[in-house]
Amino acid sequence: MEKGPFSVEWLAQSSRGTGGRQSPAVGSPLQTPLSVLAAAPRHREDAFRSSSPGQGAQADGGAAPGRPRTKFSAAQLRELERSFREQRYIGAGEKRRLAAALNLSQSQIKTWFQNRRMKFKRQTQDAR
């Protein structure tokens, strides 16, 4: 039986230039039942969201699995706060110096300064 124009099968075959005369290739979408295709995520973001438990963002609102939260020591916080009081935006040289002195990565220093600036902004806005 010939498939009517604009059916899924007809469009797939015509886009391959077969004119509907060849059977679909093994593993092609035409051999997959339509119910499976309809239930499959259409975008990468949807596929990520529908991943199995334990992957991606956790359902309980927690952070995605990966690097654990850095717990800064009191000495590290004192030095970071001292540096922040001197200058809110850290330069590359100071970032390298702090990272070496505090045994932290430059990314951790950069992120701490970003977070500290946001905390400072919230505190100054609340004071108004």
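## Start on helix α4

Select R82 and E79: both sit in helix α4 (residues 74–86), three residues apart, or about one turn of the helix. Keep in mind as you click around that you're looking at a predicted model. The two side chains form a salt bridge, with the closest N and O atoms 2.5 Å apart. Now show the surface around R82. This arginine is partly exposed, at a relative accessible area of 27%.

## Over to α5

## Across to α6

Next, pick E81 and R116. They form a salt bridge whose closest N and O atoms are 3.0 Å apart. E81 belongs to helix α4 and R116 to helix α6 (residues 106–127), so this pair ties together parts that lie 35 residues apart in sequence. Is R116 buried or exposed? It counts as buried, because its relative accessibility is 14% and the cut-off for buried is under 20%.

The structure holds five salt bridges. Select E79, R82, E86, E94 and R97 in one go: salt bridges with shared partners join these residues into one network.

## A buried glutamine

Stay on helix α6 and click Q108, which lies in that helix. Q108 is buried, with a relative accessible area of 12%. What does Q108 touch, leaving out residues up to four places away in sequence? Its contacts are R67 and T70.

## Finish in the core

For the last stop, select L80, F84, I90, L98, A99, L102, L104, I109, W112 and F113. Those 10 residues make up the largest nonpolar core. Color by helix and you can see where they come from: α4, α5 and α6 each supply at least two residues of this core.

Then zoom in on W112, one of the core residues. Setting aside residues up to four places away in sequence, W112 touches F72, L77, L80, E81 and F84.

Key
Residues numbered from 1 in each chain as written. Predicted model: local features only at pLDDT ≥ 70, side-chain atom pairs only at ≥ 80, totals over all residues. Heavy atoms only, no water. Salt bridge = Lys/Arg side-chain N within 4 Å of Asp/Glu carboxyl O. Helix = DSSP H or I, 4+ residues; strand = E, 2+ residues; numbered from the N terminus. Buried < 20%, exposed > 50% of the residue type's maximum accessible area, 1.4 Å probe, protein only. Contact = heavy atoms within 4.5 Å. Core = buried A, V, L, I, M, F, W, Y, C linked by side-chain atoms within 4.5 Å.
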